[in-house]
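Visitor: Could you walk me through this model while I have it open? I'd like to jump between topics as they come up.

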Amino acid sequence: MGQTFAQKILARKAGLEEVEPGQIVTVQPDKLLTHDNTAAIAKIFREIGVERVARPEINVIVLDHVVPAATEGHATNHQQIRRFVEEQGITHFYDVGEGICHQVLPEKGHALPGYLIVGSDSHTPTHGAFGAFAAGIGRTEAASVMATGEIWLMVPHSFRVVVKGGLPKGVYSKDIVLYIIGDLGADGADYRSVEFAGPVVEEMSIASRMVLCNMAAEMGAKAGVVEPDEKTRSWLTGRTSADFQEVFADPDATYERVIEYDVTELDPQVARPHTVDNMVPITEVAGIRIDQAFIGTCTNGRLEDFRVAARILRGRRIAPNTRLLILPASREVLLAALADGIIADLVTAGAVVLNPGCGPCLGAHQGVMAPGEVTLSTANRNFKGRMGCKEAEIYLASPAAVAASALTGEIADPREFL
Amino acid sequence: MSKEFVFRGRAWVVGDDIDTDMIYHGSYLPLTDPKEMAKHALEYVPGMEDFVERVQPGDILVTGKNFGCGSSREHAVITLQYNDVAAVIAESFSRIFYRNAVNLGFPILEVPDITEEVETGDELEIDANTGRIRNVTKGIEVRGTSLSGLEKEIMTAGGLFGYLKAELQAEE
Amino acid sequence: MSGKTIIEKILSEHSGADARAGDRVWADLDLAVVRDFGGPNVVLEYEKQLGDKPVWDPQKIAMTFDYQAPAKVVLVANNQRACRQFAVKHGVPHVFDVNAGIGQHVLLEHGMVLPGGVIIGTDSHMNLLGAVGSFSTGMGTTDVAAGWATGRLWFRVPETIKITFKGEYDYPASAKDLTLFLLSKIDKSKTIYKSLEFYGQPIDSLSLAGRLTLASMVTEMEGKIGFITPNQSILDWIGERAGRSVEAVLPDEDAAYKEEWEFDVSGLEPLIACPDNPDNVKPVREVAGTRVDEVFIGSCTNGRFEDLKVAAEVLQGMGGKVAPHVRLVVTPATTEVAMEAVEAGLYETFIKAGAMVTNQGCSLCTIGHHGVLAEGDVLVSTGNRNFRGKLGKGSQAYLAGPAVAAATAVKGEISLPE
């Protein structure tokens with residue numbers, strides 16, 4: 001009988017012919033991703049009574065959450081991580097300034113097709129865009145992976161999401177995934193592995209596929225995946241010398257659900273406060289006053305995102321009393337945007353360009369809101385208090401919609417600006 | 001505060017170049033409530049970390065040269081004022097601290113070499129009008145700059161806005 | 001009666017009185033500025049004292065958000081919001097929001113700072129505008145609130161010290177070294193409250209950036225203001241931005257100076273201020289080899305294009321890579337500086353070298369943003385203060401010029417540029 005992507009990859013990792021959903025397997029991940037929470041994980045690790053990391057070569061540590069340090073507490077945390085890295089001989093360490101872990105991991109060739117990646121961050125499924133099985137885990141689990149080099153996983157049931165049709169102007173992968181989350185609900189894919197497929201996904205850039213997989217976390221999925229193709233291979237060229245084996249779902253695999261979407265008539269989408277599935281077409285919320293527009297994050301902080309924003313903002317000026325924050329996902333993205341002239345365009349339009357990292361997304365610094373304020377963001381979460389203020393509101397949309405809204409100072413339909 | 005500028009209180013002695021980050025650290029600048037500001041007085045002065053727990057109303061801060069150098073933050077004066085510190089006597093003040101104190105009606109006196117005449121815990125009697133300071137504990141007396149002129153007028157009015165009140169009301 | 005110094009002339013002109021050193025005068029203000037630090041306190045004080053009373057002249061009020069831009073905590077976000085709301089209510093047009101940069105520099109670039117003017121602001125380094133012959137001075141919140149209400153303020157007319165430099169020096173010595181040299185030579189008990197006037201060939205040949213460096217550290221000399229007479233090219237630069245011709249205020253030939261000092265800066269070498277005071281100055285060579293954890297290039301003292309350019313050239317010339325254990329944080333002073341740096345390719349140089357280039361503003365220098373230090377960390381900064389623990393409890397800071405800072409970042413220890 002055919003196997004899904006998740007079954008095949010987990011069977012292979014477990015050294016089994018095949019596995020069934022619900023089955024528990026013990027596997028050795030290819031990569032363990034941790035970030036600013038590494039110090040906390042290291043503390044648990046030591047409490048277990050283990051002194052050495054079992055397989056330091058699988059550790060990838062990226063400092064991204066509050067970079068550079070915004071408080072003595074953050075500075076001390078980073079210092080402890082640097083000491084841990086040195087003491088344990090961990091070589092894949094990316095200190096402050098490299099970018100967001102979910103961007104740096106693939107850029108540095110650590111997210112490869114057929115890999116099993118676990119990470120102490122809920123948006124680890126992002127790496128499914130490269131044909132990896134990537135799942136977020138807790139800190140204690142991460143500590144135990146450090147200690148043993150292994151992890152137990154339950155083989156998930158799978159959804160196959162097939163996206164068809166012609167993507168209209170002003171509508172992007174972000175709108176598609178927001179629509180899907182709105183349709184399925186924030187827990188609609190709990191524990192599932194979600195395979196994104198169909199002609200629209202095949203047409204998508206790697207960056208756009210990362211948006212889908214990144215936001216699989218917001219439908220509750222354990223993993224999101226787009227199977228690798230020529231685009232994947234070409235993107236990875238020159239980034240790794242490691243061997244990897246591509247994994248594909250069998251054509252006759254059994255899915256819990258197969259869901260088809262035709263996006264031909266899709267409007268730009270907006271998630272309203274305070275849940276990601278609180279979805280409406282942008283036309284229904286157009287005109288809502290915003291204080292802050294935010295383009296960036298592990299969801300939409302890549303070159304194509306800033307390109308479309310620059311296209312809308314070039315030669316124009318953002319609205320008075322509105323802030324526009326630009327947060328490139330990595331050093332590589334920032335350099336590309338600089339070379340492209342995009343950064344100059346955005347700054348001229350009135351944007352604040354922040355250094356690569358998580359920035360204001362999680363409310364630690366660089367754009368915390370005041371009570372009563374509204375942000376329209378390209379991020380993946382709009383929970384109450386997410387950006388640091390419980391009395392503020394966050395709406396989510398595509399980079400084009402956020403750029404258009406920065407110009408008008410209110411939520412605006414990007415189609416009118418393209 | 002005594003409008004007559006005569007005080008008696010216990011001394012706390014600190015050294016030279018006590019900057020505004022020591023008096024009131026930059027990390028607390030966002031605070032706007034004086035009562036909250038009061039919780040961090042002198043927190044970064046070595047040896048004075050628990051000052052706010054030990055200070056008594058009417059205590060007098062005695063400092064060396066260049067007290068209050070650094071930032072323009074008025075918090076540095078307010079944090080002392082809201083701990084009911086009666087006055088600061090310094091060998092010299094940094095200029096913005098000086099202004100801020102005057103504008104808030106907070107008594108300050110310049111007395112050369114005062115830190116050599118006073119130890120922490122000494123009982124002091126001050127008459128800012130004459131600049132006379134008596135160290136009751138040690139039985140000695142020193143003289144500093146007396147309060148006079150525009151600064152005294154502003155301080156007597158309780159601060160700059162008290163002083164400007166007549167003018168501002170006249171405009172209406 | 002003897003002639004007048006620059007400060008006596010400016011305060012006479014603005015008070016209508018014959019202002020002489022030691023006098024108390026009420027002077028008219030040309031501009032009263034608040035930052036996001038101090039600003040909300042001014043707004044609160046103003047409203048507490050005066051309620052809804054209109055401000056004296058909304059055109060002569062400016063707000064510059066540079067302290068924590070964009071906000072790190074809700075409190076600051078709310079403080080900035082309070083300022084914006086006050087500006088809207090009172091029709092204050094000059095709000096330079098979180099996308100603008102360091103206030104004094106922004107005002108200068110916008111032609112709002114004229115030689116001979118009187119400007120107050122909630123920033124102890126307001127007086128760096130003495131670099132163009134403006135009497136600008138840092139004030140507390142009560143002063144500025146009163147200034148907003150009445151348009152004038154009391155001043156103690158300071159005595160003046162005339163400081164004349166002579167001699168020549170070569171790169172890598174810079175305006176910062178001349179400044180540190182002066183800091184190490186003067187007795188602060190003599191400069192306290194004083195107006196300083198700087199003269200001599202070494203001053204005449206300083207660029208605007210160099211003049212700003214020197215004038216910005218008059219605060220650390222405990223001076224009230226340090227005047228540098230603008231030359232024709234600087235007057236033209238300001239005039240073009242102000243949209244009118246401007247003139248320098250010169251002292252009378254028989255002005256009465258409290259003291260006149262002369263310093264020979266022949267053969268000046270790169271200097272560095274060691275912990276914990278800006279006047280603890282030593283030749284760089286004496287502390288060369290001291291290991292550092294972080295380097296900061298920016299601030300109102302050394303955040304101009306010229307400063308970044310020197311740093312980028314040194315970085316490039318010494319191999320183009322920051323030492324692996326060092327964090328290099330680069331912050332342009334303003335948007336204009338940032339754009340120049342982008343166009344000149346400096347961003348690329350810095351970012352490729354491993355630096356983090358933050359958004360324009362005060363950044364690390366005002367604490368709480370962009371690279372706070374952990375206990376035991378050592379910083380080399382181009383800023384103006386290195387008080388104990390200012391940038392993180394238990395950390396140490398050295399102050400130097402941009403060339404030394406860049407060389408130090410490459411070597412990972414305090415170094416002279418090669």
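Visitor: How is chain C divided by the domain assignment?

Guide: In this predicted model, the domain assignment of chain C gives domain 1 as 6-11 + 23-156, domain 2 as 160-264 and domain 3 as 271-411.

Visitor: And how far apart do the C-alpha centres of domain 1 and domain 3 of chain C lie?

Guide: Those C-alpha centres lie 28 Å apart, and the two domains do touch, with 15 residues of domain 1 of chain C in contact with 13 residues of domain 3 of chain C. On the domain 1 side, the residues that touch domain 3 of chain C divide into six nonpolar, six polar and three charged.

Visitor: Staying in chain C, is β7 buried or exposed?

Guide: Five of the five residues of β7(C), residues 152-156, are buried, so the strand is largely enclosed by the rest of the structure. Both of its faces are covered, with R152(C), W154(C) and R156(C) buried on one side and L153(C) and F155(C) buried on the other.

Visitor: Which way does β1 of chain C run against β7(C), and over how many bridges?

Guide: The strands β1(C), residues 24-28, and β7(C) run antiparallel and are joined by five bridges; W26(C), for instance, has W154(C) as its bridge partner in β7(C).

Visitor: Switching to the assembly, which chains have the most contacts between them?

Guide: Of the two pairs of chains that touch, chains A and C have the most contacts, with 41 residues of chain A in contact with 39 residues of chain C. The elements of chain A that give two or more residues to this side are α3 (72-88), β15 (323-327), α12 (331-339), α13 (342-348) and β16 (351-353), and the largest share, six residues, comes from α3(A). By class, that side of chain A has 22 nonpolar, 14 polar and five charged residues.

Visitor: How far apart are the closest C-alpha atoms of chains A and B?

Guide: They lie 9 Å apart, and no contact joins chain A and chain B.

Visitor: What can you tell me about chain B by itself?

Guide: Chain B has eight helices and seven strands. Its radius of gyration is 15 Å, close to the 16 Å that the globule rule gives for 172 residues, so chain B is as compact as a globular protein of that length. The C-alpha trace of chain B spans about 55 × 40 × 25 Å along its principal axes, and 54% of the 172 residues count as buried.

Visitor: Back to chain A, what is the strand order in the open sheet of four strands?

Guide: The order is β10-β9-β8-β11 of chain A, with parallel pairing. The edges are held by β10 (223-225) and β11 (257-262) of chain A, each of which has a single partner strand, so one side of each is left without a neighbour in the sheet. Neighbouring strands of this sheet are turned by 20 degrees against each other on average, direction ignored.

Visitor: Which strands does α1 of chain A lie across?

Guide: Helix α1(A), residues 5-14, lies across β8, β9 and β10 of chain A and runs at about 120 degrees to β9(A). As for the strands, β8(A), residues 158-164, and β9(A), residues 193-197, pair in the parallel sense over five bridges.

Note on methods:
Residues numbered from 1 in each chain as written. Chains lettered and ligands numbered in written order. Predicted model: local features only at pLDDT ≥ 70, side-chain atom pairs only at ≥ 80, totals over all residues. Contact = placed C-beta atoms within 7 Å. Nonpolar A, V, L, I, M, F, W, Y, C, P; charged D, E, K, R; others polar. Buried ≥ 20, exposed ≤ 12 C-beta atoms within 10 Å, placed from the backbone. Pairing = 2+ DSSP bridges. Axes fitted to C-alpha atoms, helices over the stretch in contact; angles between N-to-C directions. Domains from an automatic or database assignment. Rg over C-alpha atoms; globule rule 2.2 N^0.38 Å.
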